[in-house]
Amino acid sequence: MQGVLWHDCLVCGDTISNHICYRCMQDEVENWLGNRNPLYISSVRRAGEFFTSYYREGAYCVMCGEDLNVCGKCYCFAVHKSIRKNRILASEFLDFAASKGFMLSPIKGVLNLQG
Ligand SMILES: [Zn+2]
Ligand SMILES: [Zn+2]
């Protein structure tokens, strides 16, 4: 079969729409945190390690070409969880992630409600 293949996220089962792997998202998040609050970089890395256990072949990241296994939404959930002790930072992260297209903005509302 030719053409664009849509793959499901191994964590939540939703279609991965952004085709960017969590490692590339993590690079962006680390850059962003480096300017914002470098203390949280290690927490975010630990959140990313959770995803290394998910592996699949056949779906590739548009940025680095590595395999794609989880969607931006699941990755952003994990990052948000790891930094949410800092409410301001967590809220800024959601704006950052939405601006980068890692997740859709309706999710931002859901996470804000969870506090
Ligand atoms: Zn997912
Ligand atoms: Zn990538």
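The model is a predicted one, so local features need pLDDT of at least 70 and side-chain atom pairs count only at pLDDT 80 or more, while totals for chains, interfaces and linings use all residues. Residues are numbered from 1 along each chain as its sequence is written, and chains are lettered from A and ligands numbered from 1 in the order in which they are written.

The protein chain has 5 helices and 0 strands, where helices (H or I, at least four residues) and strands (E, at least two) are DSSP runs numbered from the N terminus. Along the sequence that reads α-α-α-α-α. Of its 115 residues, 27% come out as buried; a residue is buried if 20 or more other C-beta atoms, placed from the backbone, lie within 10 Å of its own, exposed if 12 or fewer, and partly exposed in between. Two residues are in contact if their C-beta atoms, again placed from the backbone, lie within 7 Å. Of the contacts between residues at least 6 apart in sequence, 62% join residues at least 24 apart.

On to the inside of the protein. In soluble globular proteins, nonpolar side chains tend to be buried together. A nonpolar core here is a set of buried Ala, Val, Leu, Ile, Met, Phe, Trp, Tyr and Cys residues joined through C-beta atoms within 7 Å. The largest such core has 26 residues, and Val44, Val70, Tyr75, Cys76 and Val79 are the ones that touch the most other members. Helix 1 (22-36), helix 2 (41-49), helix 3 (72-83) and helix 4 (87-100) each give two or more residues to this core. Helix 3 supplies the largest share, 6 residues.

Helix 3 is mostly covered, with 9 of its 12 residues buried: Gly72, Lys73, Cys74, Tyr75, Cys76, Phe77, Val79, His80 and Ile83.

Next comes the pairing of helix 1 with helix 2. Their axes lie 10 Å apart and pack at an angle of about 170°; axes are lines fitted to C-alpha atoms, for helices over the stretch in contact, and angles run from 0 to 180 degrees between N-to-C directions. The two helices are therefore roughly antiparallel to each other, a label for angles over 145 degrees. Helix 1 brings Tyr22, Gln26, Val29, Glu30, Leu33 and Gly34 to the contact, and helix 2 brings Ile41, Val44 and Gly48. These residues divide into 5 nonpolar, 3 polar and 1 charged, with Ala, Val, Leu, Ile, Met, Phe, Trp, Tyr, Cys and Pro counted as nonpolar, Asp, Glu, Lys and Arg as charged, and the others, Gly among them, as polar.

Asn31 lies in helix 1 and counts as exposed, with 11 C-beta neighbours inside 10 Å. Thr52 sits in the loop between helix 2 and helix 3 and is exposed, with 10 other C-beta atoms within 10 Å. His19, in the segment before helix 1, is partly exposed, with 18 other C-beta atoms within 10 Å.

Conventions: Angles under 35 degrees count as roughly parallel, over 145 as roughly antiparallel, 65 to 115 as roughly perpendicular and the rest as oblique.
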